[in-house]
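Open the structure in your viewer and keep the selection tool ready. Each stop below tells you what to pick next and what is there.

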Amino acid sequence: MIMTIQKKIPCVIMRGGTSRGTYFLANDLPREWEKRKEILTAAMGSGDPLQVNGVGGGNSLTSKAAIISRSTDPDADIDYLFAQVSIEQNEVDITPSCGNILSGAAPLAIEYGLVTANDGETRVRVKNVNTNTLIEVVVQTPNGFVEYEGDATIDGVPGSGAPILLKFFDVCGTKTGELLPTGSARDTFDGVEVSCVDAAMPMVLIPAQSLGVKGSESKQELDANSELLQKIESIRLQASLKMGLGDATGKVIPKVGLLSVPQFGGTITSRYFVPQNCHTSHSVTGAICVSVSCMLPGSVAYDLITPQTSNQQSIVVEHPSGKIDLLLEGSFENNTLDIKSAGLMRTARMLFKGEVHIPAKVWDESKIA
């Protein structure tokens, strides 16, 4: 009998923000992207709603991956490529990004020696390969080691951890090249006024009341509303075409934000769809997009808030698990919205470090460059 040995690949599983994913070093994977897709879906156990044959959790928030490497960009220390791994299909989407998984990338780079840690805290300049943008990440590194434990808390994650500070630059037009990819602050689809905005994440922002809901419902209530989900998807598909993103059928962008007035002292309430169901909390990039929209006169978000006048805009986005706080640096002058950066705090925790095993047939190194 011929023995077939499974392929072992170095891997770290981390919680980053309100997501969980597998993290790989680029050098541990083949260069060919199609082969990388096969490896990621095999590692996660895609093709099964439970992902029982892999390390995915059967949820879009836990079926994620990050590929990290030293950057050749003089303005960055590391490159970060995010991959949304499909659960029921053997597909991988690298068109979106993920700020939650990003929060684990800088600690991982320090752990693996891609970045030298300072005593106290370490700044890591991250190039997001998905969007070709830069993010500055500050990691707590007392005595030159990554600290995961601390008193910082984020809604949607039990317990507390050491704060990881993220500052996103060049957030406007990250995918389409335009903050308002349709050329207007408002568009109408199926008789509903929406705002199509591209800031960190291309989104279709919809006033909740225009679809017959309050916008403060739980994830479970919204996910059970099949009529609502059909309306949202119809609008999303039409908006995607007008935004220049093409046919969004089976794709995860643009995302949808169902917006309403705040209930607990925040700036705005958002229910973020990913896109066929509601996020248990909120994505980082989606929260940036919603926050930028709050500064944009004419947008549907602007109608729901009390406008601020400071060039530093503190925005609190309420979501099903609590809230997410953001600080935008920018201004609206001469009919132009100038966003210099978007900052927020996350936490992360290393859960597992070792090797993920995949079937040998998925990666035969003798046949792969």
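Start with Phe 168. Setting aside neighbours within four places in sequence, Phe 168 is in contact (heavy atoms within 4.5 Å) with Gly 99, Leu 102, Leu 134, Ile 135, Val 284, Ile 288, Lys 340, Ser 341, Ala 342 and Leu 344.

A word on the model before moving on. It is predicted: local features need pLDDT of at least 70, side-chain atom pairs count only at pLDDT 80 or more, and totals for chains, interfaces and linings use all residues. Residues are numbered from 1 along each chain as its sequence is written, and side-chain values use heavy atoms, with hydrogens and water left out.

Buried means under 20% relative accessible area, exposed over 50%, and partly exposed in between (1.4 Å probe, protein chains only).

**Helix α2**

Select residues 99–111, helix α2. Helices (H or I, at least four residues) and strands (E, at least two) are DSSP runs, numbered from the N terminus. How many of the 13 residues of α2 are buried? The count is 12. Among them are Gly 99 and Leu 102, both contacts of Phe 168. Just past the helix, Gly 113 has a positive phi of about 80 degrees.

**Helix α4**

Go to residues 226–242. This is α4, with 17 residues. From first C-alpha to last it reaches 25 Å, close to the 24 Å expected at 1.5 Å a residue; the expected span is 1.5 Å times one less than the number of residues. What do its buried residues pack against? Show β9 (187–189), β10 (192–199), β11 (201–207), α3 (219–223), β12 (255–260) and β13 (268–273). After α4 comes Gly 244, with a positive phi near 85 degrees.

Stay on α4 and pick Glu 233 and Arg 236. They form a salt bridge, with the closest N and O atoms 2.9 Å apart. A salt bridge is a side-chain nitrogen of Lys or Arg within 4 Å of a carboxyl oxygen of Asp or Glu. The two residues are three apart in the helix, so about one helical turn separates them. Both are buried.

Select Lys 35 and Glu 38 in helix α1 (residues 33–44). Their closest N and O atoms are 3.3 Å apart. Lys 35 is buried at 11% relative accessible area, whereas Glu 38 is partly exposed at 37%.

Next, pick Asp 73 and Lys 127, another salt bridge, at 3.8 Å. This pair links distant parts of the chain, 54 residues apart. Asp 73 is in the loop between β3 (64–70) and β4 (78–85), and Lys 127 is in strand β6 (residues 120–128).

**Cysteines**

Finish with Cys 11. Its sulfur is 16 Å from the closest cysteine sulfur, in Cys 98, so the two are too far apart for a bond. A disulfide is a pair of cysteine sulfur atoms within 2.5 Å, and the count is zero. Cys 294 is in no disulfide either; the nearest cysteine sulfur, that of Cys 289, is 9.9 Å away.
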